Amino acid sequence: VPVIVENCIILKAVSGWSPSPRDRQPWLQVDLGRKYRLLAIATQGTFNSYDWVSKYTLLYGDRPDSWTPYIMKGGNSTLPGNWNYYQVKRNVFHYAFTAKHIRLLPLAWNTENGGKIGVRLELFGCSYDSYVLQYDGDDSVVYMYPGKRSRTLHDHIAINFKTLYEDGLLLHSEGIQGDLLTLELKRGRLYLHISLGSSVIHKVDGRVTLTAGSLLDNLHWHYVTIKRYGRQVNFTVDSQTVTGICNGEFTHLDLDTQLYVGGVIEQNLPHLPTTQNFQGCLENVFINGPICLSFPQKKMHFACRDNLLKPMTFAGPNNYLQVPGFFRRPRMFVKFKFRSWDYTGLLMFTRFADDLGALELGLSEGQINVTIFQPGKKKLQFAAGYRLNDGYWHTVDLAARDNLLTLTIDEEKASPLKITNPFTIRTGDRYFFGGCPKTNNTIRKCETKLNRFHGCMQHIFIDDEQLDIDIILQRQWGRYAELLLGTCGITDRCTPNPCEHEGRCIQSLDDFICLCENTGYKGEVCHMSVYKESCEAYRLSGKYWSGNYTIDPDLSGPLKPFEVYCKMKSYKAWTVILHDRVDGTKVTGSSIDRPYIGDVNYWNASWDDVTALANTSMYCEQWIDYSCYKSRLLNTPNGRPFGYWIGRGNVSHYYWGGTFREVQMCGCAINQTCTDPKFQCNCDADYRQWYSDKGYLDFRDHLPVRKVVVGDTNRTGSEAHFTVGPLRCHGDRNIWNTIAFTKPTYITFPTFKPGSTADISFHFKTYRDHGVFLENSDEQLRNFIRIEMNTTHDLLFIFMVGDGIINVTLHSPVPLNDNEWHFVQAEINVKLARIKVDYQPWAVRRFPGQTFVTMKFTHPLLVGSANRTLRPFLGCLRGLRMNGVPLDLEGKVNEEQGIRRNCTGQCLNATIPCRNSGQCIEGYASYTCDCNNTAFDGFYCHKDIGAYFEIGSWLRYNIRKKPVSDEAAWANWIDPHYDNFSLGYNDTADDIEFSFSTVHTPAVLLYISSFVQDYIAVILKTDGSVDLRYKLGLITHKYQLTHRNLADGYPHYVNITRHNRTIKTQVDYMEPIVEKITLVEDARFDSPKSMFLGRVMEVGDIDYDIQRHNAPGFIGCISGVRYNVYAPLKAFFRPNETDPPVTTQGYVSESNCGAFPPVLGYVPWEADPWFTSIGEFICPIMHQYKNNIILCSSTHLCTFPFQSIFISMMTLVYFG
């Protein structure tokens, strides 16, 4: 409900509040006429103007001279305002407060186009009835329970209070069975002690203590609510809620006779032994409903009589307060109170009269430093106090005269600091508090090397007279800057502790830092673990040596790191955890009704730690051995077990090592080696001899072993020994928990509830240039986080968790859609948000101080796309963790929806696979074929690229422009591996393939020259047979590829591969032939130069055998030519560079030559992308042969003069 304020400044009014620009510290104050419970405020600029406020602070109170600042979550007192004059900005308070007066302090406003401060506002809330009691410390009010007893299953208690004192009892009641309810103030914090009953017999202490709030002794109203249902308790102070569970098994709170409110005053008991009675004001006490209180004979006040303190807050980078003093007096008296979190800062400075020097009071490392400056003398410096920067009020009392200075801290007059060095005191006419003003005046100037003080001050006395700040400022006797008068705006940013994992919080007026030393964690709030999650993770990071390592299975989760032994292997890493039962335990005197229970206590790790390790491992095992002398174990085959072991979840298991789970037998029953075949365990035979049952327990979900129970050693002579081996685990099933998205879809997980800090990590790989990896949001998308790949190089962390939509962009220098695994990490906390990929630097977005992060999501966590399947991700994800908790991606596999197990896409079961050694490029929803390293073209690398050579025509492809340097050759010589391409090629391996068709002989089909005398040649001899020439060094090696006549006009396929000294050749689909190069020859083909087709036109000497086959040249078709990674015909007809290294002479025209590819899989007609219907197509024009255009009919055989070419279905291009 809108609260009525002045009509001239309400929303949509034609006027508004606009103070004079000359006003140094303008404010707007509203008297509501009565007390209201306020929930929200809305602001607007001045009507039809450029006047609006963009930031402001809100103060509230019961009276117009005592104010409480409204503090938002995160400790920020600056509320966001407007961005134009007409739109309404509404701020909802995160906790409701009561007030009669409101003051708005503008902090920033529009200054463009002559703009200035302008405000129209409305407050929202409801009327509030206040019933107040004033306590002086010797008062007590009692609430008598109906029937002199209270027994409740659930409670709702509410009370408001304000006080100046750090300690005091608010509520207290007890029961005869140990039940207790106490609410007390200690050191400015509120403690709730509650017990539902204790038991001496069962050794149960039912008392539990919850703590909330800080600096509650600030004379501001604080609102306390206690809600209990059974053992569950919610304890709220202002906006902070603490949840607890009562100890014991009781659910009812049983209290006797009465409840004390504000203190305990009984005969001979003026207060509780440990707590003073409350001093201050209580308001609207509510105990499961309105209550009637019994008052003592002493008259109490039903109104809150505030002490008029007039505190002030030093809150700016240039803050100071200058006040007048009595000039040239021989004695100085200064007294004041302060509270601060600062380690250093100027408290007070004054310059003596007659140029006698100056005196400085400063805060340094939590102590008060007194410094006396004297002209021409060494300064005098002394310190007093300890940890005075703890946020509490501290009193400083300084008295000085000639040669004597006394400093008293917190009124401890028994131990003041006294300085008796020689110095002279003549008081100056001005005193500076909190800092020195910036001025050029050198007379009586304030000079200090200390930082400015940030915090609060009050009760300032100078020469035994208390300063009235209002009067001094009204009469312009003093000056100030960046002061907030009438209120203490200091807040405790370390309560509750924002530092996780027991990090230590240190704060200032407007910020905090976390010290994470010796916690095992790092980061701004000690959130990220400094250790790996497993031994497997250490192995994958390059740690290959065995030894002791510290692991953290839940990373940023609540479990602490612990030390294990990692046994590193080349292919796996074993994690070994020892315990106190490894050496064996002897058991006697136990029975089935009173068994011996042997706890297994693991070293350096809690039970939760060891369980987490087993749960995240791929495989675990644990040796267990039971040695017996007339002591039965499982009592097989059908008896009640005498012994068993207890594992995860405190579940008992009645199977032993070496057997299957949940079958009541031992390993000897599986191996059929039991001592007595009637029993399924050796020990169950109950012989008076030593036997044993032993073996490995390897069902991971039951491990680790927590206890061993032995129950048959109470008979005469009975004895047993049991041994439990260390827990051994290997693998990390979270790292390799992998799925592939092959269709636009998403998977859902329960809503992510991170609190104020979140970290996310995962691996991905894709060929796509965009996609959302994950998103979590609320229903209106006012609170969300999202991680996505925006472009091939940009990774985005987008979120709205407080003030507007913010994104952190990481720009990668290398593309991220290269179908390689990339590791992504993202983190957000109250200090910053950041994201990184692989080993690149973090991309960081730092937040302003006092930022509060709210991550309250309501929708399920989406993985694979944004809401409504927007911007879906197609690719693979693995190892997804949210705040250290792994998510089971593989458990969401659904082939129909396009979610596959492991990283498999369309390439695995492609309908038409890539041909001719083309590489399948995974698109996950589709695929493409990379034909760059083949001599073929087309979508599936199926289209042959060939050329028809007329008589005298030739083609040269330049492999290198200059010979290999001696240094590069030597580097290649000392690393002669098959995959060494340091020279741009591999000189110990060759891979040659091509197909040809001709009816003319002889010819050199292929010739590869070098800058030395080495060469490779394939020769078509006069009789149509084909030979291979290899010259490596001095000797030319001759190999016959086939003796058949291949000059028959049909296409023939040739493949030649060499690895070191082994040459394998194949013609068409005949059996391959393997040849060897002699050991005396070099196995390297040095400095290849050019490749020739049609005719060899190399400059220089050419072997005679090559020359006599080189004329008149090759006449016919040759296609699919490839030497290693070089494809000369493809470079000529399909150039991918502006100046391809190809030279031709004569008539060389493109043709498919009817050649068939080396691998031609069957393609069914229904999957053929070029198929229309049978018998309704004609062949294309193959080529022009002596001006004769040949067209084919619907058959697959085209006849040309002098040649016949078989045409494959896959090489045809259908038309009309």
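Modeller: Before we start, UniProt positions are given in the numbering used here, feature names are shortened, and annotations may be inferred rather than shown by experiment.

Colleague: OK, which residues does "domain: EGF-like" cover?

Modeller: The unreviewed UniProt entry puts that annotation on residues 490-527 and 904-942. This is a predicted model, where local features need pLDDT of at least 70, side-chain atom pairs count only at pLDDT 80 or more, and totals for chains, interfaces and linings use all residues. Residues are numbered from 1 along each chain as its sequence is written, and side-chain values use heavy atoms, with hydrogens and water left out.

Colleague: How much helix and strand is in 490-527?

Modeller: That span is 0% helix and 26% strand. Both are DSSP runs numbered from the N terminus, with at least four residues for helices (H or I) and at least two for strands (E).

Colleague: And how far apart are the end C-alpha atoms of 904-942?

Modeller: They are 24 Å apart.

Colleague: New topic: where is Tyr 691?

Modeller: Tyr 691 sits in strand 47, residues 690-697.

Colleague: Why does Tyr 691 count as partly exposed?

Modeller: Because its relative accessibility is 23%; buried means under 20% relative accessible area, exposed over 50%, and partly exposed in between (1.4 Å probe, protein chains only).

Colleague: Which residue's side chain makes a polar contact with the Tyr 691 side chain?

Modeller: Gln 689, at 3.2 Å. A polar contact is a pair of N or O atoms within 3.5 Å; within protein, one must be able to donate a hydrogen and the other to accept it, and residues adjacent in sequence count only if both atoms are side-chain atoms.
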